[in-house]
Structure formats: structure tokens, C-alpha cells
Amino acid sequence: MIPHRHPTLFSVWWRSFLIQAVWNMKGRQHLGFAFAITPWLRRLAPDPRFFQTALRRHLACFGTHPYMVNILLGIVCALEEARARTGRSVPENTEVHSIEQIKATMAGPLAAIGDHVIWATWRPWTVLMGVAIGLVPWASPNVRWPVAVGTFLGLYNVGHLVVRVEGLWQGYHQGTAVVAWLSHWHLQRIAAGLRQSGVLISVVLILSLLIPKVSWRREFFALFVFGTGFWMARRGRWGTPLFYLVLLLGFLGALFGV
Amino acid sequence: MTAWVVALVGATLHLDTLAVGQWMVSRPLVVGPCLGWLFGDAWTGFLIGAWIELLWVRAIPVGLDVPQDLCGMTVLATGWYGRTLDQGTGGVGLAVLSLTLAALWGPIGRWCDLKLRRMNLWFANRVDQRLTHGDNPALGRTISLAIGLRWLVMATCYWLALEGGGWVLGAMVPRWGGFLLGKLEMVAWLLPFAGLAVVVQWFLHRPAAGWGIK
């Protein structure tokens with residue numbers, strides 16, 4: 001008799017927050033994955049010998065996006081359960097032949113989706129919202145910064161938790177058919193919309209920073225810096241080189257009375 | 001506020017970048033105001049965080065790429081700013097000066113992160129051996145050990161950097177502060193424009209054209 005699944009599934013979800021704790025060049029997230037799936041395997045195979053065999057299966061090299069891994073954890077939980085109940089590793093109609101193969105096949109595409117939608121779009125967009133709320137002078141700075149930080153963390157983590165919770169749940173209930181569920185989300189279209197709105201928010205923020213009149217020379221200089229920044233970013237020179245260039249330009253500007 | 005308190009808080013928040021959770025409490029936009037609040041100037045901490053967020057918005061951990069340590073950069077910039085603030089100097093010019101030094105930490109922090117990831121390899125081999133001998137709880141112990149070691153190493157690195165940089169700033173500000181800080185206020189005004197240029201470029205460029213990994 002296999003014990004009830006929901007508390008164990010919650011335990012797997014909770015442990016998924018440590019998926020990258022022992023990230024290394026050899027196995028990437030393999031130890032984190034094995035750690036997360038441990039309560040589930042223990043539930044399915046209380047005998048230490050079987051448990052150890054099952055655990056060792058999950059110690060192969062594995063790496064994907066740290067949030068999208070929950071989808072794979074859900075799928076693997078369902079497949080391990082099927083294996084424990086029927087003795088077969090995967091349902092009959094599945095073309096691939098083992099849980100390990102499903103993990104290896106799906107990790108790459110899920111990582112690509114996570115990198116594009118979460119790292120490259122959702123996080124910069126929520127950061128931009130936080131920065132905009134903080135920099136636009138709608139209230140005193142002491143009111144603005146907590147609202148800005150709260151907005152960033154709140155917005156970002158709503159998306160983060162939806163991916164973690166829904167990913168595990170749908171992965172467990174739908175198995176490999178979760179791919180169809182993912183495609184219904186139209187993530188490419190959502191990402192494109194966020195990027196376009198991000199450009200719009202940036203333009204509004206630039207205008208709001210220029211509106212409190214300083215002097216036309218300063219405003220022109222700020223637009224020159226914006227253009228230089230855009231040009232450098234296009235050439236891949238963002239971050240440290242751009243910071244030091246702005247430092248030099250600003251210092252010279254102040255020195256020559258802009 | 002002593003350097004080791006800032007280092008311990010910074011190292012705890014740093015765990016969120018990779019090892020624990022990834023709730024984004026390690027982002028500069030959160031770390032800056034939190035540490036600034038400890039020093040009694042959360043707003044300047046927020047500004048430091050916002051500058052770093054915008055200018056380094058393209059630093060994302062895709063595949064095997066390890067991005068610069070933005071959390072550490074913010075910890076040091078805010079920490080140095082706050083500690084110099086205790087000496088009676090302040091303003092956004094000082095924040096820019098602190099960030100000028102802290103920006104150097106980005107690649108150093110990445111190097112530390114890479115070393116810690118290499119050390120994790122030793123943990124991985126150790127777990128393999130233990131599991132072969134039937135020691136199943138070794139997995140959980142190793143996870144705790146790796147997190148603890150990362151916390152300890154980063155806290156030590158931040159503490160050393162805070163002490164060293166604090167000494168440099170402490171020597172610089174009384175001598176050249178009057179000349180430098182006023183000029184750097186102009187830089188503080190310009191930084192959001194440069195940062196927003198990076199953001200606009202990032203949102204406009206087609207993802208298929210590359211991820212902009214540096």
C-alpha cells in the first residue's frame with residue numbers, strides 16, 4: 001500500500017527550492033534533483049535497497065531552468081509511481097524507453113523556455129516596474145522605495161510560484177502530455193507583449209525623468225548619454241564598461257559646466 | 001554598523017542567487033534598500049540598486065554561463081556608502097564613488113562563485129561514494145554543508161572587501177571629497193538614462209539573435 005501522495009508531493013515541491021544548492025560542472029543539478037525526489041522515492045520504495053537503486057538512477061548529469069525543473073519533477077514522480085505500480089518504466093504508448101531518457105530529452109527545451117520567458121523577459125520587466133515606481137516622483141522617496149521593492153518582489157514571485165506549483169502539479173497529473181498544456185499558454189506571445197510594454201514603460205520613465213526642468217543643456221546631455229548607452233549595448237558593451245564610460249562623461253560634463 | 005554585520009546579511013541574501021530559493025531577494029533592487037535601511041539611508045541604497053539593475057540587466061545565468069556577482073556589488077557599494085556616511089559625508093555623489101569601486105567586484109565575485117561550484121564537485125564525488133556504501137542521509141547532509149560553506153566563504157569575502165574598500169574610501173573622501181563628490185552628482189543623474197538605454201536595447205533586440213552573454 002503506497003501512502004497518500006499530496007503531503008509527499010508538497011515535500012518534493014519544498015525541496016525543489018534547493019535544486020541548485022550543489023550545482024557543479026560535472027552533474028549540474030543532479031544532486032538537487034535527487035534530493036528533491038527523495039521523499040517520493042522513499043514513499044514508493046520503503047525498502048532501503050530498492051530506494052537506493054531508485055535514487056542512484058537520478059544521479060546522472062542533469063541541468064535545466066531552476067523553476068521549470070518542477071515540471072520534470074512532476075513527470076518523474078508520475079513515471080516512478082507507474083513503475084512502482086506496474087513494473088514498467090513508462091506507459092506503453094511512449095516512444096522513449098526510460099525515465100532517464102525523458103529527463104534528458106525534456107531538460108533542454110524546458111531550460112530554453114525558462115531562460116527566454118523568465119530570465120530574459122519576466123525578471124527584467126518586473127525590475128523595470130520596480131525601478132519606474134521608485135524613480136517617478138509621485139510621492140516622497142520614503143514612500144516610493146518600499147512600494148517599488150514590494151511591487152518587484154510581489155509581481156516576480158507571483159509568476160515564480162505559479163510556475164513552481166502549476167509545473168509540479170500539471171507535470172504529475174499530465175505526465176509527458178504536459179507539453180500540450182505548456183503550448184496552450186502561448187508563452188512566446190506573452191514574452192513579446194512584455195518586451196513591447198517594457199519599451200513603452202522605459203520611454204515614459206525617461207520622459208518623467210526629463211520633465212522636472214533642470215536646463216536644456218543637461219537634458220540634451222542626458223539624451224546623448226541615452227543614445228551612447230543604446231549604441232554600446234548594441235555592441236555588447238553594457239554593464240561595467242558602460243558604467244565607467246558614463247562616469248567619465250558625467251565627470252567631464254560637470255567639469256565643463258553642462 | 002560594523003563590516004561583519006553587513007557581510008553576514010549580504011552573504012545570507014547572496015544564497016538566494018543560486019543555492020536557496022531564488023526568490024530574488026538577492027537582486028540589487030532589494031539588497032540596496034535593505035542595507036541602506038540598516039545604515040539609515042534606504043533611498044540612496046535603492047538608487048544604488050536601481051543603477052546596478054538597469055546597467056547589468058543583461059547579466060542572466062543562461063546555461064553554463066555564470067554572471068557577475070551583482071548581489072556582492074550592491075552589498076559593497078551600499079556598505080561602503082553607509083560606513084563613509086557614518087563619518088559625516090553623504091549624498092548621491094558618494095554613492096557613485098562607492099559604486100565605482102564596487103563595480104570591480106563583479107568579475108571577482110564571479111570567480112569566487114566558480115571556485116565554489118568547483119568545490120561542489122568534491123561534494124558530488126563524496127555523495128557518490130557515500131551512497132555506494134548505503135549512507136542515504138549523506139545527500140541531505142551534503143546539501144546543508146554546501147550551503148553552509150557558500151555562506152561562510154561569501155561572508156568572509158564580503159567582510160575582507162568591505163574592510164579594504166572602506167579603508168580606501170576613508171582615505172580618499174577627506175582629501176578629494178570636496179572636489180569629487182559634487183561632480184559625481186551629475187553622474188548619478190545620468191546613470192538611469194544609460195541603464196534605460198540598455199533595457200530598451202534588450203527588449204528591442206530579437207531573442208533569436210543571441211542572448212547577449214558577456
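Modeller: In this predicted model, the C-alpha centres of domain 1 and domain 2 of chain A are 50 Å apart. The domain assignment places domain 1 of chain A at residues 6-101 and domain 2 of chain A at residues 213-258.

Chain A also meets chain B: 69 residues of chain A are in contact with 66 residues of chain B. On the chain B side, the elements that give two or more residues are helix H2 (28-39), helix H3 (42-55), helix H6 (105-132) and helix H7 (138-204). Of these, H7(B) gives the most, with 23 residues. By class, the side of chain B that touches chain A has 47 nonpolar, 12 polar and 7 charged residues.

Two packed helices are described by the angle between their axes and the distance between the axes. For H3(B) and H7(B), the axes come within 7 Å and cross at roughly 35°. The crossing of H3(B) past H7(B) is left-handed.

The residues that meet there can be listed helix by helix. H3(B) brings B:Trp51, B:Leu54 and B:Leu55. Facing them, H7(B) brings B:Leu191, B:Pro192, B:Ala194, B:Gly195, B:Leu196, B:Val198 and B:Val199. This contact of H3(B) with H7(B) divides into 9 nonpolar residues, 1 polar residue and no charged residues. By comparison, the side of chain B that touches chain A does include charged residues, 7 of them.

Note on methods: Residues numbered from 1 in each chain as written. Chains lettered and ligands numbered in written order. Predicted model: local features only at pLDDT ≥ 70, side-chain atom pairs only at ≥ 80, totals over all residues. Contact = placed C-beta atoms within 7 Å. Helix = DSSP H or I, 4+ residues; strand = E, 2+ residues; numbered from the N terminus. Nonpolar A, V, L, I, M, F, W, Y, C, P; charged D, E, K, R; others polar. Domains from an automatic or database assignment. Axes fitted to C-alpha atoms, helices over the stretch in contact; angles between N-to-C directions. Left-handed = near helix turned anticlockwise from the far one by under 90°.
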